[in-house]
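Open the model in the viewer and keep the selection tool at hand.

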Amino acid sequence: MPAGAPGVGGTALVERDASTREQVAGSILTHGPSTAAALAERLGLTAAAIRRHLDVLEDQGLVESREQRVYGPRGRGRPAKVFALTDAGRAKFYTAYDELAITALSFLQRTAGSAAVEEFAAERLTGIEARYAQAVTAAGPEVSPVQALAAALTAEGYAASTQPAGAGEQLCQHHCPVAHVAERFPELCEAETAAFSRVLGVHVQRLATIAHGDGVCTTHVPQSRPSTGPVLHDSTTDERSDS
């Protein structure tokens, strides 16, 4: 055995640590920026063990730390430190299907024009939008429409959360399964934003996207509530309200 090479037990330990770090990164991906204490609770590990893995992930450039944002009056002491995935950290979760999707959409754009890409982006959301609308409609009075939408997005793999923001709420998507494709074809983001507006019954504004290099996809939703509820997508008609 070469000098310095890990033995059988050492190799197993290295593999186990790598697996645990993948779980740590996956938990941050699913739940958004997290404290070491929150990660320890979710994964059933000690805070000290979590911090050790976070240190390695930071050294590898896969996570970054920042102060936790505090809403309302701040207590004594410094805010807790939260850990978020970097672009490199998120990239480890993207699949090889991105290249195939980009190739297919590029072909569609060349042969049928940009309008065809826009039509595809809208059509892709047909069934998904209906599920979002149903989730918002079924939510109880203790859950805001934005919170209900965030839960539906999380179920679709977008690791979404909400934050209060002035006269409204911010919808935050900490993961985007199609970010690499949307970087080339922003029509996907535009169609999603339009779907959010229809589901919530208000005009929403996209502030940031992972596809454009931001850490989180952020959408501002004004405080006004829809008067008639979310608009269910009907594939048999293109007549929708733009209000």
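Start by selecting Ser 144 and Glu 169: their side chains make a polar contact at 3.3 Å. A polar contact here is a pair of N or O atoms within 3.5 Å; within protein, one must be able to donate a hydrogen and the other to accept it, and residues adjacent in sequence count only if both atoms are side-chain atoms. This is a predicted model, in which local features need pLDDT of at least 70 and side-chain atom pairs count only at pLDDT 80 or more, while totals for chains, interfaces and linings use all residues. Residues are numbered from 1 along each chain as its sequence is written, and side-chain values use heavy atoms, with hydrogens and water left out.

Stay on Ser 144, in the loop between α7 (126-138) and α8 (145-155). Helices are DSSP runs of H or I with at least four residues, numbered from the N terminus. Ser 144 has 15% relative accessibility and so counts as buried (under 20% relative accessible area; exposed is over 50%, with a 1.4 Å probe and protein chains only).

Next, select Arg 198 in helix α10. Arg 198 is also buried, with a relative accessible area of 16%.

A cavity is a set of points on a 1 Å grid over the protein atoms alone where a 1.4 Å probe fits but cannot get out, and lining residues have an atom within 4 Å of a point. The largest cavity has a volume of about 70 Å³, taken as the space filled by probe spheres set on the points, which are joined across faces, edges and corners. To display the lining, select Arg 124, Tyr 158, Gln 173, Cys 176, Val 178, Leu 188, Cys 189, Glu 192, Arg 206 and Cys 217.

Last, go to helix α3 (residues 47-59), whose 13 residues reach 18 Å from first C-alpha to last, close to the 18 Å expected at 1.5 Å a residue (1.5 Å times one less than the number of residues). Which residues of α3 are buried? Select Ala 49, Ile 50, His 53, Leu 54 and Leu 57. Seen down the axis, the buried residues of α3 fall within an arc of 135 degrees, so they line one face; the arc is that of the directions from the helix axis to the C-beta atoms. The face turned away from them carries the exposed Ala 48 and Asp 59.

Definitions and conventions. Helix = DSSP H or I, 4+ residues; strand = E, 2+ residues; numbered from the N terminus. 1 Å grid on protein atoms, 1.4 Å probe; cavity = no way out; pocket = protein on both sides within 12 Å on 5 of 7 lines; lining within 4 Å.
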